[in-house]
Amino acid sequence: MKTKLVTLEDVLAAKEARYNRQQVFKEKYQETIVSITLNVPGAVKDTPVLRRLRDYAAQEVKKQFEILGEEQINLSTGPEALLAIDNEGWLVKKAAEKIEEAFAFSRLLDIDVFDQAGMLLSRRDKGKGRNCFVCGGEFVVCRREGRHSMQDLLHVVEKLLYQFRAYETRCISPVAERIGALAIEAMLYEVTCTPSPGLVDRINSGAHQDMDFYSFMASSASLGSYMNRCAQAGILHEGTVEALLPVLRIIGLEAEQAMLAATRGVNTQKGLIFLLGIMTGIAGWLHGRSLPVTQSTVLEHASQMVNGIVEKELAGAIHKSGQELTAGERLYVTYGITGIRGELAEGLPSVRYKALPALRDALDKGLSINDALVHTLLVLMTCVDDTTVMHRHHPDKMRVWVREQAQMVIEAGGMETSDGRDRCKALDQEFIQENVSPGGVADLLAVTWFLHSL
């Protein structure tokens, strides 16, 4: 939709027109009236997401009261709605206040209530006022004194709208459900394939003391709705693919909490939430635009989505003290290793050029899904800078020793020969003894299966 820049004169004219509409509406119904508008600073006040926010507020009112009449109007000065309700005014006002306070993004809602006599009911009549959404102080004081710049106001509104976009993904479409199901399948297939050297699989817990096969089952089960929501976020998103990332991150943080609750505090799949959240979000975004959802298009847009992520999230680490550095930041500062952020920024070349062809080739040769996945896992070990291994050891442990061990298994025939299978089992025990767990490689294996399944 085309957006129009609104002037102060437009706002004042809209305010007068709204008053006139309210009077006509009151005369028509002569009941308690609810007027819904939005508190959105700046020159752009009518967008698809703002209309959906207005609709959300109207639906929340409808859940609680019988509606006698309704009117919605979309203006360049912002979407509005009027509702007529056969109920006592202050009871409706109390419900409206709860809607305005339910979530952080609800602060953008302005729900006025007029009683049956046509009087505006104000929370200030009850000694209450609304807080400023920038500093939390008294809103009327901040506005009167001009305490916050327009840039600050717009920045906060942008963040609140990201939160609303994340919230509205709770209503899942069949397409989003299908994409999310593929992501969960990929998670389950990754942990199920056996033997997975150094990793949790059906036989053992690999080089881990705090998790096992059932930890991953519980973790994966807890993440289904969040993968669906990431896909739904992409379907609903009307902006650029780069602007989708903040919404996916909000959902991802919620998913992490669900994972930790399911595993009693153990981080089983945090990295995979990040990766598959992006993959499902992009798949949804492409579908929402009627664009081809293929391995290539998803990977190309993944690179576009995280453009500049290394500079934004790692470059500043050089100014931190050693105690402040995360494991990923420490590897970047010390060795220049960019990890999964760098992989994503390049479009996951290890997946595109190594893992996907290896998986297809293994399946074409008649290998079972299990054996094809193990074979692909070994191939990824020969080309990925796995920061999970590097965090536990020197980078050369991954870049030299792990790659050499995986390559020897592949050269012995991998999962195609009895010798290769025996060597893979032996490598699992050796990785466990050496405390090597290529968790980053495992995440990329799951992404590979997800893309293969699209």
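**A first look at the strands, cores and cysteines**

Val-34 sits across from Val-113 in strand β4. This is a predicted model, so local features need pLDDT of at least 70 and side-chain atom pairs count only at pLDDT 80 or more, while totals for chains, interfaces and linings use all residues. Residues are numbered from 1 along each chain as its sequence is written, and side-chain values use heavy atoms, with hydrogens and water left out.

**Strands**

- Strand β1 (residues 32–38) and strand β4 (residues 109–114) run antiparallel, joined by six bridges. Strands pair if DSSP finds at least two bridges between them; helices (H or I, at least four residues) and strands (E, at least two) are DSSP runs, numbered from the N terminus.
- β4 also pairs with strand β5 (residues 120–121), again in the antiparallel sense, over two bridges. Here Val-113 stands opposite Leu-121.
- Five residues lie between β4 and β5 in their hairpin, and Gly-118 in the turn has a positive phi of about 90°.

**Domains**

- The protein chain is split into domain 1 (8–130) and domain 2 (174–453), with bounds that come from an automatic or database domain assignment.
- Taken over C-alpha atoms, the centres of domain 1 and domain 2 are 46 Å apart.

**Nonpolar cores**

- A nonpolar core is a set of buried Ala, Val, Leu, Ile, Met, Phe, Trp, Tyr and Cys residues joined through side-chain atoms within 4.5 Å. Buried means under 20% relative accessible area, exposed over 50%, and partly exposed in between (1.4 Å probe, protein chains only).
- The largest core has 83 residues, and those touching the most other members include Leu-276, Met-305 and Phe-450. Helix α10 (residues 270–288) gives the most to this core, with ten residues.
- Leu-276 is in contact (heavy atoms within 4.5 Å) with Ala-183, Met-187, Met-227, Val-447 and Phe-450, leaving aside neighbours within four places in sequence.

**Glu-256**

- Glu-256 is in helix α9 (residues 245–262), and counts as buried because its relative accessibility is 17%.
- Not counting residues up to four places away in sequence, Glu-256 touches Lys-270 and Ile-273.
- Thr-268 is twelve residues from Glu-256 in sequence and 9.6 Å away in space, C-alpha to C-alpha.

**Cysteines**

- With a disulfide taken as a pair of cysteine sulfur atoms within 2.5 Å, the count is zero.
- Cys-171 is in no disulfide, and the nearest cysteine sulfur, in Cys-230, is 16 Å away. Cys-171 is exposed, at 61% relative accessible area.
- Cys-193 is buried, at 1%. Its sulfur is 9.1 Å from the closest cysteine sulfur, in Cys-424, which is too far for a bond.
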